[in-house]
Amino acid sequence: MRNFRNKSGLKRHILIVEDEPINREILSNLLETDYIVHTAENGREALDILDSGEYIFSLALVDLLMPVMDGFELIRSIKDNDSLKSIPVIVMTSEKSAEVKSIRMGAADFITKPYDMPEVILARCERIIELQEDKSIIHGAERDTLTGLYTRDFFTEYIKQLEKYYPGQPSEIIVINVDHFHLVNELYGRKQGDRVLIHIGMVLTELLEETAGIACRTDADNFYIYCNSSPDYEDILSRIKARLSSTIESSNIKLRMGVYKDIDKNEMVENWLDRAKIACDQIRGDYSRQIEYYNKELYERAKYNERLINDIDDAISSKNLIVYYQPKYYIQSDQPRLQSAEALIRWKHPELGMISPGDFIPLFESNGLIQKLDEYVWKEAARQINKWKEKYGFTVPVSVNVSRMEIYQPELQNNFLKMLEENSLTSKELLLEITESAYSENSDQLIEIVDKLRDAGFKIEMDDFGSGYSSLNMLTSIPIDALKMDMKFIRNMQKDEKSMKLVEMVLEIARFLQVPVIAEGVETETQLKLLKERGCEIIQGYYFSKPVPPEEFEQFIIKEISKN
């Protein structure tokens, strides 16, 4: 900063308040080479100059004994004024007894009369101005402008200082997050969203006045607390909720909290914050819980997830991701006939072994990597369909999942058509599965997209039908070519009459829509028989086969060919 000022030639404004003309002239001559100097004969005149706002003053040199308004009253007026109190004041006096009083009133330094040491005066003016400017810069970076809480960098540094001077004290980290905060901004506007954050900051400030601790806001909607005593966590959330009820409809706002107790003081402070956040993230979207505590298991899970995220690109390039295929059979003929297959991803990790799809698919859905996974499966499935066609002269249509993130991509249809062209396939050979819940989220837009896909010849299967929230009215307008009945219906249909009625209702809906039903999770001959009797056309499940790699799936193709 000093180098910039020196080279740019910029000068600050300073105010000399002195009733003696000779002293004013001496100081003006001394300082005007480095500063733009303004003068006043008394406190009242000085205050008028400052209040005018015409200039931004970096320093005021104030004599104490003056007529009209003395230096003490001027200092008091400056420090009581929010727009002026940041201006540092150097007191000019020959009375040693006045120094203590001036310090207590807010003076930054003193210049002793008579002014017989010009170098000292210049050095003191420069030092006080630089200290004040550095303080202003630090203060601006130290506090979050919206809530007044610390910024994360200063929060972390203050924790380090507290731990340095009080190393033995028990302490813990708490993080509070507003679940789906972006929806608050979208539904109510950014101003209302800011009000939510401000009110949370106010509650935390009040809380920290009652207990020893500090707090910060970071990443828009994350609030961290460092404290050396365990507060009532439920009470914190209740107090925030009560405050928010005066802001917007609080029932639409869900708070979640992560707590890292029994802190490992050998770890870096940054790791403490990360661990509290790991706990908080574990209950994202879980409306049954508001508080989660960090433990070793969460840490290992977080490390495991991070490993999977880091390894996804290598898994794709190395083809450690393997597309398995589960056959689907048409059962309304005398003998079941191979109808199609579903592509299901498996991960054979070189170090971790076989990884369950339940581990990585929800993880990639939450962070957007599911798009990479989907596209990999589509390309592998298209390639495999073509390979079987060339090898056996037999077509096995394969259904692939289209995630909610992918369905809205503008190039989706073109990408599919390009894959078909590259593998000499038709749109009837690559079936597209879309979950029922996707229809209920943005039905109008999705229906428009699906209509275009069907116009291009693609067949659309509604996956997991019965697990979502489709209304019967909406079903009449949904463009689909098959319903995939959720497997929980199949598991329960032999347990009681009510469950069987639900299966029959799904089949009746499909008949009304004039589309086939694909029953997932069929494991026994009894289940197959019951479904066949009630008109279900296609089944999929362990009764015929678990998902298998492509080379094992070929036995189903060979067996089917032998029937002809």
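This is a predicted model: local features need pLDDT of at least 70, side-chain atom pairs count only at pLDDT 80 or more; totals for chains, interfaces and linings use all residues.
User: What radius of gyration does the protein have, against that of a compact globule of 564 residues?

Analyst: The C-alpha trace spans about 120 × 50 × 50 Å along its principal axes. The radius is taken over C-alpha atoms, and the globule rule is 2.2 Å times the number of residues to the power 0.38. A compact globule of 564 residues would be near 24 Å, but the protein has 36 Å.

User: What percentage of the residues count as buried?

Analyst: Buried means under 20% relative accessible area, exposed over 50%, and partly exposed in between, with a 1.4 Å probe and protein chains only. Of the 564 residues, the buried part is 48%.

User: What share of the contacts with a separation of 6 or more comes from residues 24 or more positions apart?

Analyst: Contact means heavy atoms within 4.5 Å. Among contacts with a separation of 6 or more, residues 24 or more positions apart account for 66%.

User: How do the axes of α12 and α13 lie, parallel or perpendicular?

Analyst: The axes of α12 (residues 296–317) and α13 (residues 357–367) come within 11 Å and cross at roughly 75°. Axes are lines fitted to C-alpha atoms, for helices over the stretch in contact, and angles run from 0 to 180 degrees between N-to-C directions. Angles under 35 degrees count as roughly parallel, over 145 as roughly antiparallel, 65 to 115 as roughly perpendicular and the rest as oblique. So α12 and α13 are roughly perpendicular.

User: Which residues of α13 meet α12?

Analyst: On the α12 side are R301, Y304, N305, L308, I309 and I312. By class, this contact of α12 with α13 has seven nonpolar, two polar and two charged residues. Ala, Val, Leu, Ile, Met, Phe, Trp, Tyr, Cys and Pro count as nonpolar, Asp, Glu, Lys and Arg as charged, and the others, Gly among them, as polar. The α13 residues are D359, F360, L363, F364 and N367.

User: Why are α8 and α9 called oblique to each other?

Analyst: Helix α8 (residues 181–188) and helix α9 (residues 190–210) have axes 6 Å apart. F181, V184, N185 and Y188 of α8 make the contact with R190, Q192, G193, V196 and L197 of α9. Those residues divide into five nonpolar, three polar and one charged. The pair is oblique because the helices pack at an angle of about 135°.

User: What phi does V68 have?

Analyst: Most residues other than glycine have a negative phi. V68 sits in the loop between β3 (57–63) and α4 (71–79). V68 is exposed, with a relative accessible area of 66%. Its phi is positive, about 70°.

User: Where is S424, and what is its phi?

Analyst: S424 is in the loop between α15 (412–422) and β15 (430–435). S424 is exposed, at 54% relative accessible area. S424 is not a glycine, yet its phi is positive, near 55°.

User: Is D374 buried or exposed?

Analyst: D374 is found in helix α14 (residues 370–392). Not counting residues up to four places away in sequence, D374 touches N401, V402, S403 and E406. At 7% relative accessibility, D374 is buried.

User: Which residues does R24 touch, leaving out those up to four places away in sequence?

Analyst: R24 lies in helix α2 (residues 21–31). At 13% relative accessibility, R24 counts as buried. The residues R24 touches are I16, E18, D19, T39, A40 and E41.

User: What distance in space separates S229 and A212, C-alpha to C-alpha?

Analyst: S229 lies in the loop between β8 (222–227) and α10 (233–244), and is partly exposed at 31% relative accessibility. Beyond four places in sequence, S229 is in contact with E172 and T211. S229 and A212 are 17 residues apart in sequence, and their separation in space is 7.4 Å.

Notes:
Residues are numbered from 1 along each chain as its sequence is written. Side-chain values use heavy atoms; hydrogens and water are left out. Helices (H or I, at least four residues) and strands (E, at least two) are DSSP runs, numbered from the N terminus.
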